[in-house]
Every structure is written in structure tokens, then in C-alpha cells.
Amino acid sequence: MLGPGEFAPVPVLDTWDETAAFRGVRLALPPALARAHERPGQGVKARTAAGEAFFALASAPDPTGAVELLVKRGGKVSDALVAAAAPGAAVELTRPFGDGFPLGEAEGRDVLLFAAGSAIAPIRSLVQHLAAHRNRFGRVTLFYGQRHGAEFAYRAEYLDWERRGIRVVLCPSAQDDAWQGLRGRVQEVARSLAFGGATPGETVAFVSGMTAMVDDVRRTLAAAGVPPDRVRANF
């Protein structure tokens, strides 16, 4: 198996625009790397001509080795990765690493998911796992925040998630005349909706985003009765 921090060429299968800011990339991990993709929430490091950067895997482990990244344009490494990632080409990645999300403690409980910005990537990998094993969990609600309504990634998948029993609540935080739904930060919207009907003492929450957002979610959930040790991040 590839050693920690070592890079290997990984073939690019497909690329597409999720939004104006986000580029989706689907890759085929070779077996030596695919074996390390064990649970949702893990990540990889990419090496480009502009340098190296960490990216969370946006898909759950797949026996074929297929993985996806969600790359936000605007950074040197991100833009270099977008430029290099063409179908038929290869990009340099490490093997997947990190503990990922501790899913075992969520079985049999209600599950709350919180994501903001590009941090929807690791939460999407978790959504895929929950959907595939839906009977193991109670109520599942995703609160996903972006600044504007046009910035939400994976829109084409929401209906399928809902059909599989995962409620999706979109939370734009900025004023947007075209948006007709709820507004506000994810923790504020979650509180206004009584956390999707979850029972606080029997709930596990998974959160991904900037440190300030994660801390605010933890405080909000603690005030609602969700024990701090049941609010988990992937790193």
C-alpha cells in the first residue's frame, strides 16, 4: 500500500460543474489506494503544479474504487486541480486518510447533519452511507448552508435523498430576492424547525464546516439537550 504522504497518479473518469463555484471530479482509485477508503468523512491530499492541498472525499466508499471530489474554484491549488482534471488524464493523490465519521454510535438514533459551504462534500459521503443503510437509523435531517440560493451543490440528488428518508433543509444566509424558503445560518434554521423532530437525548449530530460554524452548532445543540459527545466531526 502507498505510504502516508506518498502520491500516486489517479485516473480522472469525469468532471462537471455543480455550480459556478464548484467543480465535481470523479476518479478511479487504484486498488492500493481504494483499500484505504473505509468510511465516510475521509480525505485525500492532491499535488498539483501550484502546490498541495487537502480535499474531503465527497462520496462513500465504493467497491469499484470510484471517488468524487468537490473542488471550489478560486484557490491556486484548486484551480490547478480543475485545470489538470480532464477525463482521461490523471491527477496525483495520496491514499484516503483520517478517521472519518464514527457511524456506529449513530445506529438506532436520530441523526442531524450540518454542512456549510464546500463542507457539503464529506457530509454528502455520509448521506450516501445513511441512504444505503437507512433502516439502521431514526429520523435523518440535513441542514445545508450557503450564502445564496444558487450556490447549493448536488441539487439533482435532493429528491432521491428525500425519497430515501433523508430530509434536506437548505439554509441561505444572505438576502436573496429569488429565494422563497427559509433563511439563516444552519444552526438557527435547525432550532426554528425543532431540529427536524429529533429527540435531543437520543440524537447524534455530524457537522462539517469552518471552525466558528462547528462551534456554534455544538453550542446550539448543547442548549437543546444533545450531549456534546454526540456532536461529531470527521477531523
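Student: Is isoleucine 123 buried or exposed?
Tutor: In this predicted model, isoleucine 123 is buried, with a relative accessible area of 0%. The cut-off for buried is under 20%.

Student: Which helix is isoleucine 123 in?
Tutor: Isoleucine 123 belongs to helix H3, which covers residues 120–132.

Student: How many of the residues of H3 are buried?
Tutor: Eleven of the 13, so H3 is largely enclosed by the rest of the structure. Among the buried ones are Ile120, Pro122, Leu126, Val127 and Leu130, and also Arg124 and His129.

Student: And what span should H3 have, and how far apart are its ends?
Tutor: At 1.5 Å a residue, the 13 residues should span 18 Å, and the C-alpha atoms at the ends of H3 are 18 Å apart, which agrees.

Student: Which strand pairs with E10 over six bridges?
Tutor: That's E7, residues 110–116, and the two strands pair in the parallel sense. Aspartate 110 has threonine 203 of E10 as its bridge partner, and leucine 112 stands opposite alanine 205 in E10.

Student: How many bridges join E10 to E11?
Tutor: Two, and these strands run parallel. Here phenylalanine 206 stands opposite arginine 232 in E11. To get from E10 to E11, the chain passes through helix H6 (residues 211–224), making a right-handed β-α-β crossover.

Student: Why is E10 called largely enclosed?
Tutor: Because six of the six residues of E10, which runs over residues 203–208, are buried. Both faces are covered: one side carries Thr203, Ala205 and Val207, the other Val204, Phe206 and Ser208, all of them buried.

Student: New topic: salt bridges. How many are there?
Tutor: The count comes to 17 salt bridges. As background, side chains of opposite charge can pair when their charged atoms come close.

Student: What does aspartate 14 form a salt bridge with?
Tutor: Arginine 26, with the closest N and O atoms 3.5 Å apart. Aspartate 14 is in strand E1 (residues 8–17) and arginine 26 in strand E2 (residues 22–28), so the pair ties together parts that are twelve residues apart in sequence.

Student: Are those two side chains buried, exposed or partly exposed, and what are the values?
Tutor: Aspartate 14 counts as partly exposed at 31% relative accessibility, and arginine 26 also counts as partly exposed, at 27%.

Student: What about arginine 73, which residue does it form a salt bridge with?
Tutor: Aspartate 17, and the closest N and O atoms are 2.6 Å apart. Arginine 73 lies in the loop between strand E5 (66–72) and helix H2 (76–84), while aspartate 17 lies in strand E1, so this pair ties together parts that are 56 residues apart in sequence. Arginine 73 is partly exposed at 30% relative accessibility, and aspartate 17 is partly exposed with 46%.

Student: Which residue meets arginine 185 in a salt bridge?
Tutor: Aspartate 216, at 3.4 Å from N to O. Arginine 185 is in the loop between E9 and H5 and aspartate 216 is in helix H6, so the pair ties together parts that are 31 residues apart in sequence.

Student: Which residues do shared partners join into one network?
Tutor: Asp14, Arg26, Glu68, Arg124 and Glu157 are joined that way by salt bridges.

Student: Last one: which residues form the nonpolar patch on the surface?
Tutor: Phe54, Phe97 and Phe235, with about 300 Å² of accessible area together. Phenylalanine 235 sits in the segment after strand E11 (231–232), and phenylalanine 235 is exposed, with a relative accessible area of 54%.

Methods: Residues numbered from 1 in each chain as written. Predicted model: local features only at pLDDT ≥ 70, side-chain atom pairs only at ≥ 80, totals over all residues. Heavy atoms only, no water. Patch = residues over 30% accessible without salt bridge, like charges linked within 9 Å, V, L, I, M, F, W, Y side chains within 5 Å. Areas by Shrake-Rupley, 256 points an atom, 1.4 Å probe, with all protein chains shown as cover. Salt bridge = Lys/Arg side-chain N within 4 Å of Asp/Glu carboxyl O. Helix = DSSP H or I, 4+ residues; strand = E, 2+ residues; numbered from the N terminus. Buried < 20%, exposed > 50% of the residue type's maximum accessible area, 1.4 Å probe, protein only. Pairing = 2+ DSSP bridges. Right-handed = clockwise from strand over helix to strand, strands pointing away. Expected span 1.5 Å × (residues − 1).
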